[in-house]
Structure formats: C-alpha cells, structure tokens
Amino acid sequence: MAPEKIVLRFGAEKADKPVIYHLAKDYDLIINIVKASINPHKEGTMVLELTGERYAEGIAYLREQGISVHPLTTEVVRNEEKCTHCGACTVHCPTKALFIDRSSMEVRFNEDECVLCLMCVKICPVKAMEVKV
Amino acid sequence: MGVERTYQDINARIKAGKAVVLTAEEVIEKVREKGVTQAAREVDVVTTGTFGAMCSSGVFLNFGHTKPRMRMSKVWLNEVPAYAGIAAVDAFLGATELPEGDPKNNNYPGEFRYGGGHVIEDLVAGRDVRLRAVSYGTDCYPRKSLDTLINLDSINEATLFNPRNCYQNYNCAVNAGDRTVHTYLGTLRPHLGNAHYSTSGQLSPLLKDPHFRTIGIGTRIFLGGGIGYVAWNGTQHFPGFIRDKNKEVLCGTGGTLSVVGDLKQMSSHWLVGASIRGYGASLTVGLGLPIPILDEEVLEYAAKTDEELYAPVVDYGIAYPEGNPEDIAYVSYAQLKKGEITVMGKSVPTAPVSSYPRAREIAGILKTWIQKGEFLLGEPSQLLPGPGAGLAGKALKIRDK
Ligand code: SF4
Ligand code: SF4
C-alpha cells in the first residue's frame, strides 16, 4: 500500500495533544514525519506520510481534533517575475526556506525546506508567493 | 581649498560624455581607497535609489470628453473611488483607496487584495481599466452616467503626483505587546518576535544629503522607471537629526519629498500595487536621486555607509498606536542588514520591507542614463528646507470650539 502524503496545520491549543501517538496506536498507521515546524507559540505545520488500512478513520480523527488536514497535492511557488526581493516574508518563514543572501540582499527560496505553512502567501505584499495545486 | 563644481560644470561634462558617475554603494569604495579630497576631485555625481511602499502616492487623470459631455462628479476605476471634486473629467486616484464593498479589516487581518495602487499598476502596465462615473447633469454637461473602459493610451494625461514619498529615514518597528499586530511596516509578532525596517540605508536618497544642500524644487529624478521631478517638500517634511545618548549626531531623519512625473513614461516594474495585510492597499514606488558633488562636504555625506546610518527602534505594539512613540534604541543599517539586532537585551531577527536589490538597480539605471547623456541634472529653483529651518510636526488637537 502506497503511503498517503498529507499536510497538517494546527493552532497552539492542539500542539499539546499527542495526536501522532493516537494515530499510530488507535488506527495502526505507519507514520513518517517528512517535515515539521512548530513555532514558539506552538502553532505549526507538519507534512506526514501515512500508511495503513485505517487511513480514512485516522484522518477523520485528526479533523475531529480541530486540525486542518490537506492532501499534499499543493505546492508553494515563487513567481520570480513578481517578487521584488523586499525581504518582508523572510522573517516569517518558519523553516528559513525563504532567506536573504546577505551579500546581495536578494531573497532566495529553497523549496525543499518549505512546509506549506502559507505564512508567506499571506505576508507577501505583491502576491509573489503562489499556491499551486 | 577643495574642489568646487556648479550644476553647469557637471551638465557640460555629462553632455561631453565625460562625467564620472558612481552609485552610492560604489562611491563608498572610492572614498575608502582615495580619501574624500581626492575622490571629490574625481567624482561628479553619486546616484541613489529606494524601492518601497509609499502610501502617499496617486495619479491625476484626465479622461477626455464624451459626447454628449459629462461633468463626472463621482468616479470609480475598477470600482475604486477616485476624487472628482475638481474640473470636468479630471480626477485624482490615491494609492490607498479601496473598492466600495471591500471587507477591509472586518475579517481581521484584512487582505486588501486590490486598491488604488493596483489600479495605478494596471494603468501603467497598459491594461484596460473600467471607468464608471455619475453626475447631476448641467446645461453644459448633460450626461449623467457613464460605464466604459479606458487605458493609459486612450486618456489625455496621467500625472503621478505623490505628496509624501522617499522618507529620509524610517522607524525600525518591533512589537513589545503580547499579541501579533499587523502594521504598515508588516506583521509584528509579540514580545519582540521580529523587527521590520524600511529604508535602503546607504543607497537611500535623503540619508545621503542630510542638509538638503542639493535637493529642491526642480531636481530631476528617477520616478517609477521614468523621469520625474521634485515638486515641493513632502508633507510632514521635518528634517532633523537623530542623536545618541550623548547628544552626538548619528544621521539625518524626518525629510520627505513631493514628486511628480508623467505616468505614461513609467513602468509596472517600478510601480507595483501592494497589499499590506491588516493595514491596507498601497503603491510600491521606485525612486532615485542624483547627488551632484558640488564640493567635498556633499561627497562626505553621500559616501556615508550602513555602519554610519541609523534607524530608531519603535514599539508598534502599544506605544506607536497610542501616539506616544519613543525611540527604544538606535541600530545601524549594517546591523539591520545582518539579520539580527539586540533590543532591550533580547536578540530580535530583522527583515527589510523595502527592496535593497531594487534600490541598487535604480541607482545603477540612473548612473547609466547620466553616463549616456540622456539625463541632465536639474538645478533646483529653490532648495528644500533643511534641518536648520527648525520645522517640527504639530499635533492635531481635538476641540469643539
Ligand atoms: S509556505 Fe512560505 S513561509 Fe511557509 S515554509 Fe513554505 S516558504 Fe516558508
Ligand atoms: S515578501 Fe514577496 S516580494 Fe517580498 S521577498 Fe518575499 S516573496 Fe518576494
């Protein structure tokens, strides 16, 4: 059975609950945490690979917990034409996927580090960060 | 006695293709190598640049007359209201104006996806814009309503007129409160979670002429990708200096420019609509000034580095909105550009909100224009008031009599 890739986004009040533990124990899922980022205010994003018969029940359980769950079919991309290299997004990117090259002060985007938290999409004043489905 | 030059001298050298022009970054290297006296002998012009959201921007438009004629007392462009309380078929569209029915901050923090700044970007990009107008009808202007499409080519004039641009220096914003705030300087996390700053430091036009020795009415500038002019001082032009604890001058602050130029010459690469989350719509403006090296002193200031230029750190969580901003500290642009500063003993990550790479590009373009002889320096008819004028802001008192 091929693993299903999903993105979880949760607020501070959810971070304390041992949801991953329950997914494994109560729903017999094999879990691979691909990427995770939790900020000091305990809001965060996680990219998981789940394998198991009871996948759908596991997802329903996560949603019951108030966690937003999306299949990992989306991607965050930077529209190079639009980006002005202002830098405003860099300090809000939890994984430093967006960062400033200090010698040129240009903003670089390392897609591999992106956990799809969508912070940059909200911050960017010229809408250069786009969600691609 | 050091070197002295007039505008005529410099323009003659530009016309002869002999002028030595350096960007505000390049001149730093030059002065480091040769010293101020020698560098002043060699360099004629230093070019500067800045590229950031400048809310006090807008455009005067003249749409041309319809048949039958119309006064146009209320005007909307892509549903964004423009001010039409001037002559027939003239209007002024401001960068921060929002379409009627915009949810604004009702769904906090608002997105402000489209506003006056975006209409200006659409116009300058040559895209069609919907013009809607109403009027009460007069004998000479009988038409009462209009709904049509216009673009930059189809209208008579489009004059960018920005009453307050190019702030000399700007606060570095932090948030000392305990909830996230969304400000015109970006999203600020609580407990000094991050710091945003806004000028291009050593490339920033007015930081490089703090005494306003070369900037005045008629100064020719790079504006939005075309050629523009300084029209007047900007609103809230209160030039002065920031000083450290021992009252030593650190650098200039408080000056602003009012600028004007033909939108038809400009480009959407240098005028970009901005959506500032939780705050509003705006226009990102590219602006560059040439500084004529009239003498050694002008060069000395034009060659100031990020290490010598400072921004005041201000709390936008509580103090600023209350109207009691106080400078918590001063940090150099060199520190800010490194990505981390220390505020009240805490290390705080920084990010710019104006583009340094674009500022550098502007200074480079202006340099090329001058070198090619396409851009002569405009000698100001009158210099703008400098720090010596003692201008200071008045607070607005609330009263009923
Ligand atoms: S979505 Fe944006 S802010 Fe979030 S991790 Fe990816 S690049 Fe960074
Ligand atoms: S905020 Fe937007 S324009 Fe600015 S650097 Fe990030 S992606 Fe580019």
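Visitor: How many salt bridges does the rule find across the interface of chain A and chain B?

Guide: The rule finds 0 there. To count, a side-chain nitrogen of Lys or Arg must lie within 4 Å of a carboxyl oxygen of Asp or Glu. This is a predicted model, in which local features need pLDDT of at least 70 and side-chain atom pairs count only at pLDDT 80 or more, while totals for chains, interfaces and linings use all residues. Residues are numbered from 1 along each chain as its sequence is written, chains are lettered from A and ligands numbered from 1 in the order in which they are written, and side-chain values use heavy atoms, with hydrogens and water left out.

Visitor: What polar contacts does the rule find across that interface?

Guide: There are 10 residue pairs in polar contact, both residues at pLDDT 80 or more. Such a pair has N or O atoms within 3.5 Å; within protein, one must be able to donate a hydrogen and the other to accept it, and residues adjacent in sequence count only if both atoms are side-chain atoms. On the side of chain A that touches chain B, the classes are 11 nonpolar, 8 polar and 4 charged residues.

Visitor: How many residues does each chain bring to the contact?

Guide: Chain A brings 23 residues and chain B 28, where contact means heavy atoms within 4.5 Å. In chain A, T84(A), V91(A) and M105(A) lose the most area to chain B, together 27% of what that side buries.

Visitor: What makes K82(A) and E130(A) a salt bridge?

Guide: Their closest N and O atoms are 3.9 Å apart, so the pair falls within the 4 Å limit. K82(A) sits in the loop between β5 (75–78) and β6 (98–101) of chain A, and E130(A) in strand β8 (residues 129–132) of chain A, so the pair ties together parts 48 residues apart in sequence.

Visitor: Why does K82(A) count as partly exposed?

Guide: K82(A) has 37% relative accessibility. Buried means under 20% relative accessible area, exposed over 50%, and partly exposed in between (1.4 Å probe, protein chains only). E130(A), at 29%, is partly exposed too.

Visitor: Is D122(B) buried or exposed, and why?

Guide: D122(B) has 13% relative accessibility, so it counts as buried. The side chain of D122(B) meets that of R127(B) in a salt bridge, at 2.7 Å from N to O. R127(B) has 39% and is therefore partly exposed.

Visitor: What joins R213(B) and D295(B)?

Guide: Their side chains meet in a salt bridge, 2.8 Å from N to O. The two residues are 82 residues apart and link distant parts of the chain. R213(B) is partly exposed at 27%, while D295(B) is buried at 16%.

Visitor: Which residues are linked in a network of salt bridges?

Guide: E79(B), R130(B), R132(B) and D147(B) are linked in this way. Over all chains, the count comes to 23 salt bridges.

Visitor: What classes of residue make up the shell around ligand 2?

Guide: The shell divides into 8 nonpolar, 3 polar and no charged residues. Ala, Val, Leu, Ile, Met, Phe, Trp, Tyr, Cys and Pro count as nonpolar, Asp, Glu, Lys and Arg as charged, and the others, Gly among them, as polar. Residues around ligand 2 include C83(A), H85(A), G87(A) and M129(A).

Visitor: Which residues come nearest to ligand 1?

Guide: Of the 13 residues around ligand 1, C93(A), C114(A), C117(A), L118(A) and C120(A) come nearest. The shell around ligand 1 has 12 nonpolar, 1 polar and no charged residues.

Technical notes:
A residue is near a molecule or strand if one of its heavy atoms lies within 4 Å of it. Buried area is the accessible area (1.4 Å probe) that two parts lose on being put together, summed over both. Helices (H or I, at least four residues) and strands (E, at least two) are DSSP runs, numbered from the N terminus.
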